[in-house]
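Trainee: I would like a close look at one part of this structure. Please go on from there to the packing and the open space elsewhere.

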Amino acid sequence: MSLKLFSHGLIPPVKLRLQTVRAEESSGPATGFVVSRSLRLQILERVDEELRKGNEKRALTLVKDAQGKPGGLCGFGAARQVPQRLYSLDELKLNGIDTSSFLSPVDVTLGSIERSLQFAAIVGGLSAWFTFGISPAQILYVSLGLLFLWSLDSVYFYGGVKNLMLDTIGHISSQKYHNRVIQHEAGHFLIAYLLGVLPKGYTLTSWEALIKENSLNVQAGTAFVDFEFLEEVTVENGPILTAVVLENGNSDLLFLALQKINAGKLSAKMLNRFSCIALAGVATEYLLFGYAEGGLADIDKEKAQTLDKLLKSLGFTQRKADSQVRWSVLNTVLLLRRHEKVRSQLAEAMALGKSVGSCIDIIEKFINCDDI
């Protein structure tokens, strides 16, 4: 079932004017700033320590305790969001959003690499045939062996070996691809933090994910402290499947797991959060490059339908589902535009492999507490 978005006439772009409270850190003498940041760094060092120990609840408690306090964290869960109502396609267009480019990512880089490898394999096979006089039977056996390995990878590792190879070549051969992945994950990280979901780690390459998780089933991405999510929903096939998908997956795999939720078991607040987080990566690519490729485990033309299926499983009508998708797109894009400088600085920190606490410090350092 594809997403169906219908136009409902011209409506001016959404602009909110909400009263906000200035954080103490953004005003006052320079010495006050130093003291405030010093306190914040101490808190974030403790957050990193708790995350390393696996104490996710304690880490989240530390962040929530510092939320909105002087010398604490003014950005966590403080995002000013657009009102939730039915938005038309025209309204999205007036806000500079082309949903056809946004919701239908085209995998240009990795697709090109995969085709090049296939062509090289064919040329290599033909060259070996003519050079070494390999018989047709031997070629058949080799082909069957490769087909078996490909099937094994698809079934047991969900394409992990292929993805590892393509992603590694992509990062080595294309600086644009490397930068796009970094910006993509920075978008996930920033939107999650602003919406009150604590990131607990991230990887930027499939090789890095393999080293950290010791599993080919895990791809590069941003993982989150998700026990609140797990406590709220009921997932088919029990908690073991839930833990495997959510603990070892990234933001996009987490989003795909939502389709397993039984109808009526997910609150509107949680749905809003993870809809926006899931769209944040492709939204970042769209804003930077004018289109989105999506990446290995992200929303492609097939997975773009997952949100629609999820909403239907929650009992949404098509009109209500369209409304949720459009609101999520608009809300995510406007947040990313408003905090473009923050996302850029965050991407630089993530490219250097900074800890979660250090990345949060970057967000708090550059964010405008008057306009979150």
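Trainee: What is the volume of the second largest cavity?

Mentor: The second largest cavity has a volume of about 60 Å³. The model is predicted, so local features need pLDDT of at least 70 and side-chain atom pairs pLDDT 80 or more, while totals for chains, interfaces and linings use all residues. Residues are numbered from 1 along each chain as its sequence is written, and side-chain values use heavy atoms, with hydrogens and water left out.

On a 1 Å grid over the protein atoms alone, a cavity is a set of points where a 1.4 Å probe fits but cannot get out; a pocket is an open set with protein on both sides within 12 Å along at least five of seven lines; lining residues have an atom within 4 Å of a point. Points are joined across faces, edges and corners, and a volume is the space filled by probe spheres set on them. Four cavities of 30 Å³ or more are present in the structure.

Lining the second largest cavity are Leu60, Gly196, Val197, Leu198, Val225, Asp226, Glu228, Phe229, Met270, Arg273 and Phe274. Two or more of these residues come from each of α10 (227-232) and α13 (268-289), helices being DSSP runs of H or I of at least four residues, numbered from the N terminus. α13 has the largest share, three residues. By class, the lining has seven nonpolar, one polar and three charged residues. Here Ala, Val, Leu, Ile, Met, Phe, Trp, Tyr, Cys and Pro count as nonpolar, Asp, Glu, Lys and Arg as charged, and the others, Gly among them, as polar.

Next, the helix packing. Helices α8 (175-194) and α17 (356-366) pack at about 70° with axes 11 Å apart; axes are lines fitted to C-alpha atoms over the stretch in contact, and angles run from 0 to 180 degrees between N-to-C directions. α8 and α17 are therefore roughly perpendicular (65 to 115 degrees; under 35 is roughly parallel, over 145 roughly antiparallel, the rest oblique). Phe189, Leu190 and Tyr193 of α8 meet Val356, Cys359, Ile360, Ile363 and Glu364 of α17, contact meaning heavy atoms within 4.5 Å. These residues are seven nonpolar, no polar and one charged.

Tyr193 also belongs to an aromatic pair. The whole structure has two such pairs, counted where ring centres of Phe, Tyr or Trp (its six-membered ring) lie within 6.5 Å; planes under 30 degrees apart are stacked, over 60 edge-to-face, the rest tilted. Phe76 and Tyr193 form a tilted pair, 5.3 Å centre to centre with 55° between the planes. Phe76 sits in the loop between α2 (56-65) and α3 (89-94) and Tyr193 in α8, so the pair ties together parts 117 residues apart in sequence.

Helices α7 (160-173) and α9 (206-213) pack at about 130°, with axes 8 Å apart, and are therefore oblique to each other. Asn163, Leu164, Asp167 and Thr168 of α7 contact Ser206, Trp207 and Leu210 of α9.

α7 also gives two or more residues to the lining of the second largest pocket, as do α5 (109-132) and α6 (136-156). That pocket has a volume of about 870 Å³, and α6 gives the most to its lining, with 10 residues.
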